[in-house]
Each structure stands twice: as structure tokens, then as C-alpha cells.
Amino acid sequence: MKSILWHPIIVRIIGWIFSHMSFLIPVSRLRETSNLIAFHHPTPSYKFHVLIVPKRETASLTKLDPADTAFLSDLYSTVQSLVDEFHLRAYRLIVNGGEYQDFPHLHFHLISDVGAG
């Protein structure tokens, strides 16, 4: 059974907040562009655990428009700059989908246990 987060109204509200009210999200931003926000995961599972979230309302990777080159470009440059800034010798960029996705808004996890700091 999916959590209440997946109720269609809640999904729309979360998407709307990221799209139009992201400045109210109480996180310390590592990066922010017109297309995305990157911040430390509030409950990290790794030594280095950053969330990268598109500002555009997007439920999952399967709903991402492949023609959205502005977001994809920001995503790649954000990952590259964070890897360089935090001297990550090994890292993963993870996106969960389907039953593995526990939050109803597309987001990426940049994680590392090696060389973060």
C-alpha cells in the first residue's frame, strides 16, 4: 500500500511547491538554478548524501521530458561541480522509480562514502 504522499492531491501540492514556492523549502542549498535545487539529504544514508530535485513538477523519471535539455544540462553540471567541490573519489547518482520511489517527485541521490569532505 502506498503512503498518503502518493495521493494525487498531495503529489500535485508537492510538485507545485517545488515548481513555484521552492524558496520556502527549509534547506541549506548547495546549488540552485532555475531548473533544480541540490541540498544535503535530511536523513543521510551515506557519508555524503545530496538530493537533486527538479523545480518542474515531475512525478518520476518516466515522466521527465527527454527534450528538457535545460534541466539535464543543469543536472550534469551540478553533479560535476559537487563531485569536484567535495573531492568525491567514488560516487553514485541514483534515481528510484516505481515501487522503489518513496517520494512522489522526481529526485536524484548523489552519494559517496569515499573521499567526501
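How many salt bridges does the structure hold? Four salt bridges are present, where a salt bridge is defined as a side-chain nitrogen of Lys or Arg within 4 Å of a carboxyl oxygen of Asp or Glu. The model is predicted, so that local features need pLDDT of at least 70 and side-chain atom pairs count only at pLDDT 80 or more, whereas totals for chains, interfaces and linings use all residues. Residues are numbered from 1 along each chain as its sequence is written, and side-chain values use heavy atoms, with hydrogens and water left out.

One of the salt bridges joins E85 to R31, with the closest N and O atoms 2.5 Å apart. This pair links distant parts of the chain, since E85 lies in helix α2 (residues 69-85) and R31 in strand β1 (residues 29-32), 54 residues apart; helices (H or I, at least four residues) and strands (E, at least two) are DSSP runs, numbered from the N terminus. E85 is partly exposed, at 39% relative accessibility, the term covering values between buried (under 20% relative accessible area) and exposed (over 50%), with a 1.4 Å probe and protein chains only.

A salt bridge also forms between the side chains of E32 and K55, at 2.8 Å from N to O. E32 belongs to strand β1 and K55 to the loop between β3 (48-54) and α2, 23 residues apart. E32 is partly exposed at 38%, whereas K55 is buried at 14%.

In the loop between β3 and α2, R56 and D68 are twelve residues apart, and their side chains meet in a salt bridge of 2.3 Å, N to O. R56 is partly exposed, with a relative accessible area of 49%, while D68 counts as buried at 11%.
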